[in-house]
Structures are given as structure tokens and as C-alpha cells.
Amino acid sequence: MTDPACAPLRIAIATNDLENLNAHFGSCRSFALWDVSATSARFVEAIGFDETTDQGGRHDDSADRIAPKVEALAGCALLFVLAIGGPAAARVVRAGVHPIKRKEPEPISAIVAQVQDMLNGNVPPFLRKVLGRPAPSFLEEETR
């Protein structure tokens with residue numbers, strides 16, 4: 001059986017250049033998918049989108065541009081974006097993905113390193129179940 005501490009976590013990063021987190025959910029040209037564990041990180045694939053919004057906050061109701069993006073997140077645990085609207089965020093969460101908004105663009109390599117740091121430290125409760133890790137005992141919490 002695989003050690004849960006080594007199991008990779010699939011993350012998606014909204015990007016327009018495949019080098020940086022630099023896009024809103026609705027307007028990103030692609031998601032960069034990465035498998036990240038406490039000790040390794042591997043680029044999996046880039047999923048591109050032809051239909052995007054203009055980041056102006058208004059959406060054309062004649063086409064559902066959210067559904068293909070939510071479907072592309074299958075198997076992901078985290079989604080990093082610069083912004084995501086309420087209805088889109090609700091659909092992402094219903095798909096079992098935790099959206100994380102960042103205020104400023106940053107390199108994908110920095111996000112991967114931050115996820116690794118989190119996996120090497122005190123993993124947030126919402127990720128413990130995904131990773132198959134038990135909650136730390138009271139004594140383990142006291143020694144940190």
C-alpha cells in the first residue's frame with residue numbers, strides 16, 4: 001500500500017502563458033496541471049480553452065463557458081486563480097475542488113513550492129481527507 005504522505009496532490013493553475021498564475025478562472029487560456037507531493041512535483045499537462053470571458057465581469061448567457069473548465073478539473077484537489085466569480089466557485093467546489101484566490105500573479109514554480117511546504121508541514125483539515133491522512137493527535141499538535 002502506498003504511504004499517504006507520499007501520495008501526490010493534483011493541482012490546477014489558471015494561466016495564460018504556462019509559466020505564471022496570471023489569470024482569472026473565466027478568462028484563462030489554460031490550466032497547468034501538476035502532481036505535487038511533499039518530495040516531488042511533476043507537470044502533468046496543460047488543458048487549453050478556446051472560449052474565455054473578457055474579465056469584465058459580464059458573461060454571455062448564451063454559452064456556458066464554465067462547464068468545460070469545471071470538467072477539466074476532474075481529479076484535482078486545488079485550483080489556483082487570480083479571481084473567480086461566486087457561481088463558478090460554487091460549481092468548482094461542488095466538483096470537489098478547493099479554489100484558492102491569489103491577489104497578484106506569481107510564477108507557477110513558486111506555487112508548486114508553496115504546496116510542497118504545506119504538505120511537509122501542518123496539512124489543512126480540508127486536504128487531510130483527500131490525501132488519506134488522519135488528523136494529528138493532540139500530542140502531535142503540541143510538539144509542533
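Two strands count as paired when DSSP finds at least two bridges between them, and the legends below use the word in that sense for this predicted model.

View 1. Buried residues make up 38% of the 144 residues in the chain, and the exposed surface comes to about 8300 Å², of which carbon and sulfur atoms supply 53%.

**View 2. The open sheet of five strands, in the order E4-E3-E1-E5-E6.** The pairing in this sheet is mixed, and its edges are formed by strand E4 (41-48) and strand E6 (98-101), each of which pairs on one side only. Neighbouring strands are turned against each other by 25 degrees on average, direction ignored.

**View 3. The pairing of strand E1 with strand E5, and the helix that packs on the sheet.** Strand E1 (residues 9-15) and strand E5 (residues 78-81) run in the parallel sense and are joined over three bridges; in one of these, alanine 12 has leucine 79 of E5 as its bridge partner. Helix H3 (residues 108-120) packs on the sheet, where it touches E1, strand E3 (30-36), E4 and E5, and its direction makes about 150 degrees with that of E1.

**View 4. Cysteine 28 and cysteine 76, two buried residues.** Cysteine 28 counts as buried because its relative accessibility is 0%, and cysteine 76 counts as buried because its value is 7%, the cut-off being under 20%. With a disulfide taken as a pair of cysteine sulfur atoms within 2.5 Å, the count comes to zero disulfides.

How values were computed:
Residues numbered from 1 in each chain as written. Predicted model: local features only at pLDDT ≥ 70, side-chain atom pairs only at ≥ 80, totals over all residues. Heavy atoms only, no water. Buried < 20%, exposed > 50% of the residue type's maximum accessible area, 1.4 Å probe, protein only. Areas by Shrake-Rupley, 256 points an atom, 1.4 Å probe, with all protein chains shown as cover. Helix = DSSP H or I, 4+ residues; strand = E, 2+ residues; numbered from the N terminus. Axes fitted to C-alpha atoms, helices over the stretch in contact; angles between N-to-C directions. Contact = heavy atoms within 4.5 Å.
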